[in-house]
Amino acid sequence: MLAGYFITGIVFAGLIFIVRDRRVCLAINLAFVIVQASLAVYAFSARGNTELNYFTFDSLSVIFLMVMAILSAAVFYHSIVYVREDDDWKRKLFFFSFIMLNLSLTGVYTANNIIVSWIFIELTTLSAAGLINHNRSMSSLEATWKYVFICSVGIALAYIGILFASAASGVGKTGDMSYDGLRTAFENTDPIYLKIAFILILTGYSSKLEVFPLYTIGVDANYVAPAPVSAFLSTALVNGGFIVFFRVYETMAASAIAGWINNVLVLTGMISLLAAAIYMQKASNLKRVFAYSTVEHMGLVLIALSFGKPGIYIALIQVTVHSFVKSGLFIHAGILHRVLRSYKLSKAAGYMALNPAGALILIIGVLLITAIPPSGLFVSEFMLFREMGSDHWLLFLAVATLLTLIFYGIFNKSLHVISGEPAVSYNRQHKVMRTDYISQYILFGLAVAACLYIPEFINGLFADVSGTGPMSISILNMK
Amino acid sequence: MTALGLILLTSLFIAGFIVRIKSVASGRKGPGVLQPVKNVWVLLRKGSVYSEVSGIITRTAPILVLSALLVASLMVPAAGFPPLISFRGDFIMFAYLMAFSRFMMIITAFDSGSSFEGMGASREALYGMLIEPALFVLIAGLTVFTGGTSLSTIFDLTHGEGYSYVFGLIVAYIIGNITLVENSRIPVDDPKTHLELTMIHEVMVLDLSGFNLAMVQLTSMLKFAIFGSLIASAVIPWDLAPGARISLFIAVQLLFASAIGLTESFRSRYKMNRNQQYILTVSLISVLFFVIILFTKNIF
Amino acid sequence: MVILLYILFGISLVYIAATEKFSNYIRVYTLQGFLLFGMALAERESFSYVNLALILAETIIFKSVIVPWLLRRILQGTGIRNVHKRSLAGNYTVMIMILALGISLLLARMLAIHTADSTFLVIAFFTLFTGLVLISARKLIFGHLVGFLIIENSVFLFSIAIGKEFPLLVNAGILLDIFIAVLIMSIFMTRIGHRTGGFEAESLTKLTD
Amino acid sequence: MFYLIVILIITGFLLLAAGKKYSLILAALFLSAGVTACSWLAFSALFNLSLPVEINEFLTGAGIVCDRLSAVFILIISFTVVTGFVYSAGYLKPYTRSKPELWTKLHYAALLWLYLSMIAVVLFRNGFAFLVAWEIMTVSSFILVIYEYDKKGTVQAGINYLVQMHVGMLFLLFAFIISSEGSEGVSFDNLQFYFSRNPNWLVFLLFFIGFGLKAGFILLHTWLPEAHPAAPSHVSGIMSGVMIKLGIYGILRVSISLQDDMYVIGTSLMVLSAVTGLFGVMMAILQHDIKRLLAYHSIENIGIIGIGIGLGIFGTASGNTLISVTGYTGAILHTLNHSLFKSLLFFSAGSVTSRLHTRNIEQMGGIMKYMPYTAIAFLIGSVAIAGLPPFNGFISEYLLYFSLFSGIGELDFYPLLMFSLVMVSLVLIGGLAVFCFAKVFSIIFLGQPRTELSEPPAEAGRSMVIAKMLPVIPIVIIGIVPALVVMPLASLASGIFNPALPFDSAALAAPMRYISAGVILMVSFGTAFVVMRMINERRRTPVTGPTWGCGYPAANARQQYTATSFSQEYATLVRPVIKNGASHVSFREDEIFPGKRDFHTSSADVIRSKIILRPANFIVNLLRRYAVIQTGRLQHYVLYALLFLVLVFLLTVLELI
């Protein structure tokens with residue numbers, strides 16, 4: 001099945017370059033979205049299967065394949081508007097890159113081998129480049145260059161880390177670089193090498209995970225890319241970064257350096273939160289505000305991971321719900337831009353007067369992303385704080401303070417858009433239709449659902465990954 | 001019932017008595033003791049002149065001013081004669097009824113849209129607010145001293161442990177001063193002045209006439225009687241024979257009135273901005289009394 | 001014999017850090033490709049044609065032929081020769097390189113892995129630091145790209161040092177990745193060169209808050 | 001909980017989807033259904049009625065515990081929300097035209113959400129569910145506050161409110177988490193266990209800060225005077241009337257479980273509350289913005305309520321049920337009372353401001369002639385909030401004095417001193433409130449209009465008048481027959497807060513009877529006098545003439561006494577404590593024909609500017625100044641990676657991590 005998927009994907013991607021007609025091009029893409037969705041369904045039914053030797057449909061990958069199926073459908077739908085006025089070449093490149101990004105992300109999600117993961121994560125960088133540069137402006141060129149460059153450097157660093165780990169653990173000789181093999185090998189490895197390997201891998205993948213130190217280019221990329229692309233980059237791609245990092249983390253979590261890893265995670269997470277808090281006060285652009293919020297959430301995820309098994313559970317929920325909310329917000333940012341014709345906070349005003357339905361979505365989205373109930377993020381943050389408990393009160397204090405600053409920043413930056421005098425008059429040409437809001441309502445609905453009730457099969461997946469067994473989660477279970 | 005009768009009775013002549021004392025002190029004969037009552041009687045029957053600006057407030061508030069005071073007077077003991085209404089914490093209702101009548105007085109003053117009346121109201125409001133703590137601290141002291149819970153028990157000073165007639169005098173002194181503020185007499189205010197800019201109470205009633213004016217004047221008379229009655233309760237031992245108490249009561253009331261009259265005769269009015277200081281001094285004395293009580297009761 | 005390759009490789013690193021001419025970058029990089037081939041060959045324990053072909057592809061074909069060709073194309077396409085601009089003066093760069101060499105020695109000593117050749121580790125670390133220094137110290141994005149390529153070289157060195165053998169498919173994947181990365185970077189670089197008329201990194205600092 | 005949120009979402013969507021005409025009706029339907037159900041629940045809890053088994057099962061299944069304390073709050077909430085809703089039907093009409101239709105629908109949806117979440121807050125014991133409800137409450141009120149988003153500063157005030165509430169939520173969260181130590185789950189029910197084993201003051205303090213931010217205790221109050229003027233009047237009424245009271249509910253809920261440190265907690269709560277009350281009323285007098293003034297009065301009343309709770313805790317600690325029960329009863333009753341008269345005042349103020357298009361009382365005057373019902377409502381509210389008989393405000397303040405004097409009669413030196421101080425503050429608060437409301441009522445409603453009215457303002461619409469009449473009924477009833485409410489509340493307070501100690505309710509019953517008697521007497525005296533005057537005036541018809549102008553014939557409306565002049569002497573008196581001042585340009589000697597002059601008075605909330613705003617701005621500016629990560633230079637980004645590696649390396653070598 002997976003082989004079929006990859007082949008179909010590549011064929012579709014190639015077809016896009018061949019066909020002339022715009023509608024056929026869209027149809028091919030639509031077909032691909034359907035393929036992507038059916039892969040998710042298949043993956044769920046074929047849980048635990050290993051295909052093509054290097055790819056396994058474990059619970060982790062199933063979760064994120066499902067998330068990505070939803071995201072790519074939404075992003076595809078909203079991309080149509082973006083390519084409407086583009087010339088053939090731009091449009092083709094866009095959809096080609098989009099399919100390739102999906103393919104490589106599927107590879108990232110499902111790979112059971114550290115090297116294969118690495119190959120696919122590098123591929124995501126390259127395929128994302130075509131999407132980021134879609135506008136062909138100087139700033140998009142700049143952002144793309146930076147993104148490709150820094151990601152490549154980062155991934156090279158990660159590769160060195162991988163080599164170190166394999167050398168130190170002795171798997172270098174056998175060549176068994178699967179995560180399972182590594183996990184066993186790491187149990188008896190000299191900690192100092194593992195530490196070096198871990199820190200190199202963390203630093204390298206931080207470019208994808210959008211945490212300190214290499215998060216800067218991710219923010220730029222989200223800023224210049226078309227809004228639906230930003231929606232995809234800051235969610236599905238970030239999830240890819242999370243998965244590759246998480247798998248490495250998980251192999252080492254059982255080893256002697258677990259305590260050290262947790263400290264590094266907290267350190268990294270806190271610096272990321274701090275950076276997000278700082279820039280949230282300074283950002284002058286709506287999309288950058290949202291991008292920094294991704295940094296914040298990923299920082300929180302790292303902090304959550306430092307709390308062992310329950311932490312993994314929390315992190316999974318956080319990442320999943322964040323994907324829904326953030327993609328909805330970015331998609332809506334695109335709609336906002338169509339109405340107000342600017343992302344600049346100094347220029348964008350009067351959104352409520354021009355587009356009340358959109359303003360409503362903006363408000364809901366901002367409320368959800370700041371983890372205000374009934375956002376699923378509230379559940380994860382609540383559980384995270386509970387894990388900290390009174391033993392880590394200092395951490396609690398620091399995280400709470402930074403979250404408050406970020407909270408203030410997000411609201412202060414993004415909500416003034418709704419009031420004030422509109423700088424533009426209502427533009428009939430870019431009339432926003434009701435159908436444009438469906439995706440956001442669905443995505444936000446999923447985020448809310450995570451707070452209310454997580455279906456048993458999903459919860460089972462989370463529990464399986466974290467190894468905690470079903471945790472008390474969602475309102476229904478918390479009496 | 002006796003208490004109420006005594007208070008109402010004294011209220012009839014006490015205002016006139018003060019005027020009489022003042023006249024005598026300045027070497028005149030002065031009007032009869034019942035002259036204020038006669039004035040009120042005339043006013044009650046007179047027609048009213050309303051300001052064009054005024055509305056329903058001018059027509060109702062003065063009535064409420066008097067009604068509240070009347071109810072308040074029901075709670076006041078008269079030297080051992082129990083009041084009609086007496087319950088735990090009645091002094092709170094007593095004080096708040098006074099405040100209610102002040103409130104009504106203030107809004108009456110504003111109803112005519114006159115700037116003079118507003119001026120008076122402002123002062124009345126401020127001084128009334130400032131003098132309240134003095135009364136409450138006094139009551140707190142008496143509560144500690146006598147262990148009583150209502151006006152009719154806390155003024156029973158003689159039954160307090162470690163009683164001394166000095167206490168009665170101090171209480172009398174404090175209440176006397178409170179009366180001067182509450183009733184807007186010298187040294188806080190001069191009811192006889194004829195410059196609107198410097199008046200407090202009298203300026204508030206500039207636009208009242210007839211029945212309504214009578215209400216306000218009755219209130220003022222009643223207030224004297226009420227405070228006089230409190231003083232009398234504080235200084236007269238409650239276990240005397242009823243007849244003795246009644247005569248002592250009237251004597252104390254007269255003494256009180258003459259004290260006020262003499263004060264008004266020989267003392268000048270304070271500058272308006274010195275009044276706050278004066279009122280705060282009264283509060284200070286009240287606190288002093290409280291401290292003395294603490295010492296007496298060995299609580300300190 | 002192998003030690004000569006090491007020394008030559010080290011000298012090439014120092015040279016690349018000191019030079020300011022684009023064409024020199026390309027030449028040195030080409031040379032490094034050959035050197036790496038030699039080192040990889042010398043280090044092989046087992047010998048197979050498949051392996052040989054792979055190493056050949058990775059080093060000579062990729063590093064000495066294709067990439068230099070790409071780089072030359074960029075220079076021709078944009079018509080930019082060399083402008084020397086550094087955020088760090090040349091002598092400081094050299095000093096830092098000396099420091100980097102020392103640190104590499106120390107690190108390799110500290111991390112002597114039984115499974116890895118420590119001489120390789122020294123040179124690999126040194127290469128890594130050179131790449132990072134090149135990126136940090138150069139103000140032209142052409143220099144950044146060369147820095148990245150040097151880092152990739154260090155990755156290759158590490159992999160030799162550790163001496164692992166991956167299945168063919170995986171190796172091919174890695175190779176393809178790097179190739180596409182370089183390709184895409186050169187495409188963008190050409191674009192930037194056309195747009196700005198130079199490789200000034202300064203013109204790419206607009207995206208801030 | 002689950003069902004609650006589902007209901008919330010469904011109602012919201014239905015409202016948003018409904019047509020313009022139907023949304024209001026639909027909202028009314030939802031609200032009445034909610035109110036009916038909740039009141040049923042509350043009454044059954046209050047009077048020990050048994051609910052049908054199915055419903056009981058549903059309630060326990062949903063984690064709902066409704067004791068009598070919750071029931072009282074449910075009734076308070078329901079009443080005020082209903083009046084607010086009725087009021088909004090008329091009040092919002094002029095505003096809806098300039099707002100998108102969707103926004104108004106959302107407003108009503110948020111109103112429903114606010115109602116349900118407030119109910120949920122008092123029903124849930126589980127910490128998680130409680131916090132979810134708490135946050136939904138905050139968010140829906142936030143949406144309500146920013147209704148007039150196009151007005152300057154409204155959104156900022158809303159955000160300010162939201163952020164402060166978020167901080168409060170974090171404190172609550174922290175408190176819950178600490179107190180859940182050693183027990184399963186996070187819940188109010190854990191408190192008993194936790195408090196019996198650990199020092200109580202810390203967790204109580206955390207809870208107090210969290211709840212106090214909502215309630216508006218001093219230092220935590222700064223959002224109130226900003227949010228209320230920004231919000232529409234019915235929202236101010238609901239928020240000030242009931243929402244901030246849920247902070248009080250929380251403190252009450254926590255204080256049930258207290259077992260240790262109670263002297264300290266009770267005493268400090270009393271002192272802090274007294275300061276809060278004084279501060280609130282002292283600030284209020286100097287305000288010219290009517291809604292800001294009322295907001296400061298909310299702070300004052302929270303202080304009064306806090307004194308009651310402090311007394312309750314202190315009384316329980318010392319085993320003196322009289323102090324405790326009357327203190328708690330006073331606090332709960334004042335909560336009820338304040339919800340009545342404060343919403344009444346906000347509604348009346350809203351009617352006036354929406355007619356005159358200004359909130360500045362200096363520009364009003366003489367409105368009583370045009371809006372008699374509103375004026376009467378405001379007058380009743382003023383008398384009640386000033387704590388004067390014959391209305392309900394007096395009863396609760398009487399209970400607090402009762403409790404204080406019970407203590408003063410019996411205690412040792414230190415508590416006695418403290419009780420006396422609190423008593424004096426309560427006296428001052430009362431006196432200042434009289435001062436303030438006499439002024440406000442007079443300036444707004446009496447005399448003549450101070451600015452020229454383009455057209456005489458008409459009386460507020462029918463629904464607004466009805467909404468104002470509704471709270472008047474309980475205000476009067478509680479004022480005249482206090483026993484009706486006080487006795488059940490006292491039995492509640494003794495049953496919930498002092499279950500182990502006996503309480504003799506006769507001690508309260510007698511005073512209540514006498515108060516009724518006094519009030520009825522007063523009314524009868526008044527009626528008698530009115531009749532007398534009517535007889536008098538039948539004989540001699542009253543005449544009208546100009547106001548006494550001291551001989552000056554050309555007096556005009558501009559010469560009336562103003563609010564500033566009224567409080568001028570007071571302002572001078574409090575200048576050391578509350579910063580206020582006037583700025584003006586004096587005349588030059590050579591100015592023969594003086595030109596236009598401005599005179600400006602101001603009073604700044606020092607706590608807001610110095611303690612909240614200054615540090616907050618400092619931090620934000622600091623962050624902005626040192627925001628040097630995103631330089632835009634590639635080299636730096638690579639350098640960060642290098643530095644991060646070095647940092648981790650160093651920390652590892654130094655064994656710091």
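How many bridges join strand β1 (residues 49–51) of chain B to β1(D)? In this predicted model, local features require pLDDT of at least 70 and side-chain atom pairs count only at pLDDT 80 or more, whereas totals for chains, interfaces and linings use all residues. Residues are numbered from 1 along each chain as its sequence is written, and chains are lettered from A and ligands numbered from 1 in the order in which they are written.

Three bridges link the two strands, which run parallel; strands are taken to pair if DSSP finds at least two bridges between them. Within β1(D), G545(D) is the bridge partner of S51(B). Helices (H or I, at least four residues) and strands (E, at least two) are DSSP runs, numbered from the N terminus.

The contact between chains D and B involves 68 residues of chain D and 63 residues of chain B, two residues being in contact if their C-beta atoms, placed from the backbone, lie within 7 Å. On the side of chain D that touches chain B, at least two residues each come from α18 (392–410), α19 (413–445), α22 (506–539), β1 (543–545), α23 (563–566) and α24 (568–574). Of these, α22(D) gives the most, with 16 residues. This side of chain D comprises 44 nonpolar, 18 polar and six charged residues. Ala, Val, Leu, Ile, Met, Phe, Trp, Tyr, Cys and Pro count as nonpolar, Asp, Glu, Lys and Arg as charged, and the others, Gly among them, as polar.

Chain C meets chain A through 33 residues, in contact with 38 residues of chain A. Helices α6 (141–162) and α7 (168–196) of chain C each supply at least two residues of the side touching chain A, and the largest share, twelve residues, comes from α7(C). That side of chain C divides into 20 nonpolar, five polar and eight charged residues.
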